[in-house]
Amino acid sequence: MRRVAIAGIGFTKIREHWSKSLKDLFAEAALKAFEDAGTDEVDALYVSNMGAASLQGQLHLGAMMADTIGKRGIAALRVEAASASGGAAFREGVKAVASGYSDCVLVGGVEKMSDGIPAEVSATLAMSEDQEYTSYTGVTKIGLNALIHRHYMERFGVKAEDIAMFAVRSHENAVGSPHAQYPFKVSIDRVMASPMEADPIHTLECAGVGDGSAAVLLRPADEAKDDIIVAATSLATGAYYLSDRSDILTFEAVRQAATQAFKSADVSHSEIDVLEVHDDTTITGVISLEDLGFVEKGMGAEYVSRGDTTRGGETPTNTFGGLKARGNPVGATGLYQICEVALQLRQEAGPCQVEDANVGLAQSLGGLGSTCAVTILRRG
Amino acid sequence: MSVPRYWRETRYRYRLIGEMCTECGAIFFPRRAVCLKCGSVELEEYKLKEIGTVATWTTIRNPPEGYEKYAPYIVALVELDDGVMVLTQVVDIEPEEMKTGMRVEAAFRKVKEDGSSGIIEYGFKFRPIIE
Ligand SMILES: [Zn+2]
């Protein structure tokens with residue numbers, strides 16, 4: 001297998017882009033990635049997206065986006081693994097280059113959530129779950145998170161404020177992040193005073209609705225030129241139903257993907273300088289920290305609230321604001337994470353820079369932790 | 001919602017029927033092709049217990065399409081008395097009165113309407129047991 005490098009990255013600001021279409025957003029990110037790489041050579045395209053079939057009634061994004069960026073003729077298709085689509089698509093791109101099937105692969109994620117009214121967006125996000133037995137109850141994706149959130153507080157005797165601190169930390173990190181949707185601080189009091197979204201989860205503990213696109217150009221690693229090396233990518237699945245787990249506070253897919261990635265990259269947790277985790281709500285961020293192995297089960301909320309995930313802490317986490325504050329254009333989110341880790345390793349993160357970042361990890365989570373993609377990057 | 005898609009599940013959703021592995025006795029809901037415990041493909045219908053205990057719960061305040069007129073409503077993970085967990089709405093109770101550990105029983109209820117001319121969907125929900 002060939003080693004793979006990230007030759008270029010590009011992304012849009014995340015916000016409600018009323019005047020831009022899926023194509024407009026995708027083209028903006030892809031062309032920036034070409035410009036960054038200094039080449040537009042590409043022979044395969046993976047488009048990651050979750051909601052276009054539902055929100056825009058749009059499928060066949062592979063051919064659509066290849067045409068949009070002037071690359072008719074190349075192999076192109078969409079990759080979907082709910083909100084883990086971005087991390088999963090990245091892994092497909094890495095496999096294509098590593099195996100020699102392709103030499104230059106563009107992996108681009110795109111999502112336009114703002115085309116749906118709230119009930120449509122909610123129904124779209126719940127499409128990650130079994131429509132006949134899970135979504136059928138009327139539960140939302142945030143509602144499922146709320147079931148584990150309450151159980152986490154009850155089992156470990158953790159205060160609601162400690163879990164909610166995940167959102168406060170994310171917003172602290174987003175300050176100065178040019179592409180973040182919500183680059184400002186939010187106090188714990190404001191989070192706790194926000195309305196209930198799905199009890200006990202407050203509205204300000206949930207990632208909002210945003211549009212965006214992020215893309216990376218992959219090619220075989222060349223030691224002389226390349227600065228960002230893909231040290232590992234892994235993808236694992238876990239129990240599909242919440243009702244069918246030996247422990248509802250453990251995401252087995254995260255554990256498995258993390259174990260594989262750490263082994264394959266041959267790095268330890270203490271070597272991870274930058275971490276991007278999937279905090280679609282605060283509890284998911286906390287459980288992700290635990291199941292990735294950065295903190296013991298039941299201690300994640302305390303780890304966050306005492307400051308160990310801040311930019312100067314033990315494990316700088318969600319350094320541009322995470323899903324909560326950078327934003328969560330679902331199918332593109334995993335690629336934003338990877339672009340952000342790349343920026344950190346290039347020491348180009350501006351006010352969000354973590355000092356001497358050499359190794360970084362991004363975790364992309366689909367459904368209620370039933371798919372997890374983990375990517376480890378290091379400076380070449 | 002097509003009619004076959006609806007009636008295909010009615011037997012299981014109306015009567016709370018899952019499956020039991022004939023090899024190892026593991027019980028599953030919903031029904032599945034392969035036993036998760038032992039890998040056997042020999043599973044037979046199993047009627048779930050209709051009484052259980054609330055393991056955890058939430059109140060849905062911003063519902064998905066089709067459920068708007070019921071909001072706010074409660075969704076819980078209920079551990080049935082045979083050990084099987086089911087995800088279900090809990091009805092006939094206000095959110096302020098909900099408690100983890102509460103005893104609940106299955107009830108047959110309307111789930112949603114598929115527009116003004118579509119199917120009216122029914123299925124199980126749970127409600128508190130009145131002692
Ligand atoms: Zn069995």
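Predicted model: local features only at pLDDT ≥ 70, side-chain atom pairs only at ≥ 80, totals over all residues.
**View 1. The zinc ion and its cysteine donors in chain B.** The zinc ion is coordinated at 2.3 Å by the SG atoms of Cys21(B), Cys24(B), Cys35(B) and Cys38(B). Because the 4 donor atoms subtend angles of 103 to 116° around the zinc ion, the arrangement is tetrahedral, the criterion being that all angles lie between 85 and 135 degrees. Along the sequence, the donor residues follow the spacing C-x2-C-x10-C-x2-C.

**View 2. Cys21(B) and Cys38(B), two of the zinc donors.** This pair links distant parts of the chain, 17 residues apart, with Cys21(B) lying in strand S1 (residues 17-21) of chain B and Cys38(B) in the loop between strand S2 (27-28) and strand S3 (43-47) of chain B. Cys21(B) is buried, its relative accessible area being 1%, whereas Cys38(B), with a relative accessible area of 41%, is partly exposed.

**View 3. The interface of chain A and chain B.** Here 31 residues of chain A are in contact with 39 residues of chain B, and the area buried between the two chains is about 2,800 Å², of which carbon and sulfur atoms give 54%.

**View 4. Polar pairs across the interface and the chain A elements that supply it.** Between chain A and chain B there are 4 salt bridges, including the one that Glu132(A) forms with Arg5(B), where the closest N and O atoms are 2.8 Å apart. The count of residue pairs in polar contact between the chains is 15. On the side of chain A that touches chain B, helix H5 (118-125), helix H6 (141-156) and strand S5 (196-198) each supply at least two residues, and H6(A) gives the most, with 7 residues.

How values were computed: Residues numbered from 1 in each chain as written. Chains lettered and ligands numbered in written order. Heavy atoms only, no water. Donors = N, O, S within 2.8 Å, 3.2 Å for Na, K, Ca; no water. Tetrahedral: all angles 85-135°; square planar, octahedral: opposite > 155°, others 65-115°. Helix = DSSP H or I, 4+ residues; strand = E, 2+ residues; numbered from the N terminus. Buried < 20%, exposed > 50% of the residue type's maximum accessible area, 1.4 Å probe, protein only. Contact = heavy atoms within 4.5 Å. Buried area = accessible area lost by both parts, 1.4 Å probe. Salt bridge = Lys/Arg side-chain N within 4 Å of Asp/Glu carboxyl O. Polar contact = N/O pair within 3.5 Å; in protein donor to acceptor, adjacent residues only side chain to side chain.
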